[in-house]
Amino acid sequence: MATQLIRAVRLPRCLLPEAWPEADASPLLADLEVSGGRFRAVRPHVPGPTETDSIDLAGALALLGLLEAHAHLDKAFTRQRLGKLEPGLLAAIAAMQRDRAHWTDDDLRARAERALRMAWHAGVTHLRTHVDWWSLAAPRSWHILTELAYEWRHRVRLQRVALVPLPFFASAADAATIAAQLKDEPYAVLGGFVHTSNYSHAALDNLLHAALSASLDLDLHVDEELDPQAHGLEHVAAWAMQHRYIGRIVCGHVCTLASRDEAEALALLDRVSRAPITLVTLPATNLLLQDASLARTPRQRGLTLVKEAHARGIPVLIGSDNVQDAFCPLGNFDPVEALRLAVMAAQLDDTFDTWAAAICRDDWLAPKPAARRSLVGLPATLTVFPDADPHTWPASTARRVLRGGAHSLLTWS
């Protein structure tokens, strides 16, 4: 099996071993050994003559294959046919409900494939999409995205989350019926929309117990609002601890944390840090839909408490969410662009060395993520930023993607 060497690559500190040597307060460059399409070794760069089977990156910044942690492929690229929209989350939901009449198989497949191509060219190797699920039976969009997951399996790992409104879990039997349809599907996750407009303590319990009984991971839209009385995250964290849930619970949005009493919010994050919970912030839609009005500038921005969560060791991911639909007219399924927006909106610093993990740590979607990521054994995909430096990244998002196949040498794409 042929072995290649990627020389002199600048990786973020968050993806390097804890004891990695530094110089001038920056990690040393790395050399990566690749064979069989996977990284086989990572070691500090040793200057010297360029070897025949090597690629010299000359200190360029690079990340692993990127993670799009939260997307909606079934809704993507529909904005142009929606007409004038009212502001806010619930109005966007209503607009998408009306547009669903146009969701033919061909329409769904064309828009989802366009999204996958866009993500793949950006360097994405793992994409998690939520799929609207408005009945007890799986919708056509679920089956189409399952087909695409198989067709794209050698390029992008496509996970699907059943995004089910909470009232559909009012009956424990109905909750079990929905969960049973996901149980034996690869990369299938049970989800739900948890909001004060539809909140039911009993329905949320049924949703959580259905996932537990079917051994499914969870990915929930939780507290996507600014009402301080929204307590979805609080209930989910308490349930996970009480039942010693061993799967992974991903809670997206959690905007309410930013509007609650600070001491109360921080105490809640302390409890979340003891549960198997990953938080996902979606800066584009959170900024656009929270405190939204046509007549006034928003006062509250809707981002969850990402710095405070990170400080407590809670995994925090950043996603693109909705792209060119009723929820957000912008976007392009590029996690780097989502991170760049988060840098400004949440005032993040040390972006490359600390926060790059938020767009490439796909193990934070898994039941038992490690504290630090080992590159050894991972697929050999690098997203390279040749003109960037760690102090201003991602001021420029220009990149090249280096991919290795199981039976081929590394190639640029």
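**Figure 1. Contacts of His235 in the predicted model.** Leaving aside neighbours within four places in sequence, His235 is in contact (heavy atoms within 4.5 Å) with Tyr199, His201, Leu204, Asp205 and Leu208. This is a predicted model: local features need pLDDT of at least 70, side-chain atom pairs count only at pLDDT 80 or more, and totals for chains, interfaces and linings use all residues. Residues are numbered from 1 along each chain as its sequence is written, and side-chain values use heavy atoms, with hydrogens and water left out. His235 sits in helix α6, residues 232–242. Helices (H or I, at least four residues) and strands (E, at least two) are DSSP runs, numbered from the N terminus. The relative accessible area of His235 is 12%, so His235 is buried. Buried means under 20% relative accessible area, exposed over 50%, and partly exposed in between, with a 1.4 Å probe and protein chains only. Ser141 lies 94 residues from His235 in sequence. Their C-alpha atoms are 30 Å apart in space.

**Figure 2. Helix α6 and its packing partners.** The buried residues of α6 are Gly232, Leu233, His235, Val236, Ala237, Trp239 and Ala240. An α-helix has 3.6 residues a turn, so residues three or four places apart point the same way. Arg244 follows α6 and has a positive phi, near 50 degrees.

**Figure 3. Trp120 in helix α2.** Trp120 belongs to helix α2, residues 105–122. A relative accessible area of 19% makes Trp120 buried. Not counting residues up to four places away in sequence, Trp120 touches Trp152, Arg155, Val156, Arg403 and Ser413. Trp152 is 32 residues from Trp120 along the chain. The C-alpha atoms of this pair are separated by 9.9 Å.

**Figure 4. Phe77 in a loop.** Phe77 is found in the loop between β8 (66–71) and α1 (89–99). Is Phe77 buried or exposed? Its relative accessible area is 2%, so Phe77 is buried. Leu16 is 61 residues from Phe77 along the chain, and their C-alpha atoms are separated by 37 Å.

Figure 5. Ala25 is not a glycine, yet has a positive phi of about 65 degrees. Ala25 lies in the loop between β2 (22–23) and β3 (26–27). With a relative accessible area of 62%, Ala25 is exposed. Asp321, also a residue other than glycine, has a positive phi near 65 degrees. The loop between β15 (316–318) and α10 (335–345) holds Asp321. Asp321 counts as buried, at 1% relative accessibility. A cis peptide bond joins Trp393 and Pro394, with omega about 0 degrees. Pro394 is in the loop between β16 (381–385) and β17 (400–403).

Figure 6. A search of the whole structure finds zero disulfides. A disulfide here is a pair of cysteine sulfur atoms within 2.5 Å. Cys14 is in no disulfide, and the nearest cysteine sulfur, that of Cys360, is 6.0 Å away. Cys14 counts as buried, at 13% relative accessibility. Cys328 is in no disulfide either; the nearest cysteine sulfur belongs to Cys255, 13 Å away. At 2% relative accessibility, Cys328 counts as buried.

**Figure 7. The whole chain, for context.** The chain has 11 helices and 18 strands. Its C-alpha atoms fill a box of roughly 65 × 50 × 45 Å, taken along the principal axes. Buried residues make up 55% of the 413 residues. Of the contacts with a separation of 6 or more, 76% join residues 24 or more positions apart.
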